[in-house]
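This briefing is written for a reader who is new to protein structure. Please keep the sequence and the model in view while reading the points below.

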Amino acid sequence: MEEPRKEPQPAPSRHSAPATAEEAFHEYGPRVYSLARRMLGSDADAEDVTQDVLLQVIRKLPTFRGEAAFPTWLHRVTVNAALSHREKRARRQQREIHDPIDRLFENGSHQHPVRGWSVGPLDEALNHETHRLVEEAIADLPEHYRDVFVLADVEGLPNAEIAAMLGDSVSAVKNRLHRARVLVRHALAPHFEEAPAC
Amino acid sequence: MLTCRQLVELLVDFLDGELPDERRRLLEAHLALCQPCWAYLETYKVTIRMTRRLPDVPPPPELLEKLKAAMRDEGLAG
């Protein structure tokens, strides 16, 4: 039997006025909405989660003492809300996922030619088309891999923190992160590979 | 000597600097001789960098009105 997820509580406080809807929406909405959308792969579900989390922000922001603790709290609350939302939507199916690495190698060697990518630093940082391709590749990941990938590579959280959030071991997080990266790389490769040498 | 597949399985620890010295030396020896694995490593790193640079996506403006309505329902000032 799974234990109910415990909501982290912000540290007690001494100051600050309650946040207005506008403040919460503009200040924290993009962070919360982006994380929820990437984890859930659905705009509508991300909106529900964002509303839920922003209400918690409005209720609890005045009780926050240390500003440094707030981003961590916000991450945790958003991740918990997204996971709970998904559980409500449909019980997560524990199915066998084929190891993506199996189809890339044959007898231990690369099954297909591996070419470099023609992508410059500006393409990586600013190109809208690049962002769209990466977002699509993330949305196509199995949920099992997507959570870890979003938290590690988009949000930049340490593996140990992700393991604690998701109730997994660090080695399981690393394993899933690697497979997610392999899948995302595989999805992006056709768009960026250099032409084969003549 | 590592196989290409074994090398790819070590990339998370290698990039995090958590690979034991002996494994790291084996990996680097393989990379020096295997162009496909070198290209794989470089493109794996580009994948990570591209992902890190994704901008936040603003929620739709209608959500602000829903949030205000939810605040009113809960008796919160807004």
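Over all chains of this predicted model, the count of aromatic pairs comes to four. One of them joins A:Y28 and A:F70, whose ring centres lie 5.0 Å apart with 55° between the planes, a tilted arrangement. A:Y28 belongs to helix α1 (residues 21-40) of chain A and A:F70 to helix α3 (residues 69-89) of chain A, so the pair ties together parts that are 42 residues apart in sequence.

**Aromatic rings**

- A:Y28 has a relative accessible area of 17% and is buried, because buried means under 20%.
- A:F70 also counts as buried, at 7% relative accessibility.
- Another tilted pair is formed by B:Y40 and B:Y44, with 6.4 Å from centre to centre and 35° between the planes.
- Both B:Y40 and B:Y44 lie in helix α4 (residues 35-52) of chain B, where they are four residues apart, about one turn of the helix.
- B:Y40 is buried at 4% relative accessibility, and B:Y44 is buried at 0%.
- One aromatic cluster is made up of A:Y28, A:F70 and A:W73.
- The face of B:Y40 has A:R185 lying over it, at 4.2 Å from the ring centre.

**Salt bridges**

- Side chains of opposite charge can pair when their charged atoms come close.
- Over all chains, the number of salt bridges comes to 26.
- A:D153 is buried at 0% relative accessibility, whereas B:R52 is partly exposed at 44%.
- Within chain A, A:R176 forms a salt bridge with A:D168, with 2.2 Å between the closest N and O atoms.
- Here A:R176 is buried, with a relative accessible area of 7%, and A:D168 is partly exposed at 30%.
- Salt bridges also link A:D99, A:D102, A:R179, B:R5 and B:E9 in a network.

**The interface of chain A and chain B**

- The size of an interface is often given as the accessible area lost when the parts come together.
- Chain A and chain B bury about 4500 Å² between them, and 64% of this area is on carbon and sulfur atoms.
- Contacts involve 56 residues of chain A and 44 residues of chain B.
- Ten salt bridges are found across this interface.
- A salt bridge is also formed by the side chains of A:E47 and B:K66, at 3.5 Å from N to O.

**Chain A as a whole**

- Chain A contains eight helices and two strands, and from the N terminus on its elements run α-α-α-β-β-α-α-α-α-α.
- Chain A has 198 residues, of which 48% count as buried.
- Of the contacts in chain A with a separation of 6 or more, 74% are between residues 24 or more positions apart.

- A:T130 is found in helix α5 (residues 128-139) of chain A and is buried, with a relative accessible area of 3%.
- Apart from neighbours within four places in sequence, A:T130 is in contact with A:D123, A:F192 and B:M50.
- A:N107 sits in the loop between β1 (105-106) and β2 (109-110) of chain A and is exposed, with a relative accessible area of 78%.
- Most residues other than glycine have a negative phi.
- A:N107 is not a glycine, yet its phi is positive, near 50°.

Terms used: Residues numbered from 1 in each chain as written. Chains lettered and ligands numbered in written order. Predicted model: local features only at pLDDT ≥ 70, side-chain atom pairs only at ≥ 80, totals over all residues. Heavy atoms only, no water. Buried < 20%, exposed > 50% of the residue type's maximum accessible area, 1.4 Å probe, protein only. Contact = heavy atoms within 4.5 Å. Phe/Tyr/Trp six-rings, centres within 6.5 Å; stacked < 30°, edge-to-face > 60°. Lys NZ or Arg CZ within 6 Å of the ring centre and 35° of its normal. Buried area = accessible area lost by both parts, 1.4 Å probe. Salt bridge = Lys/Arg side-chain N within 4 Å of Asp/Glu carboxyl O.
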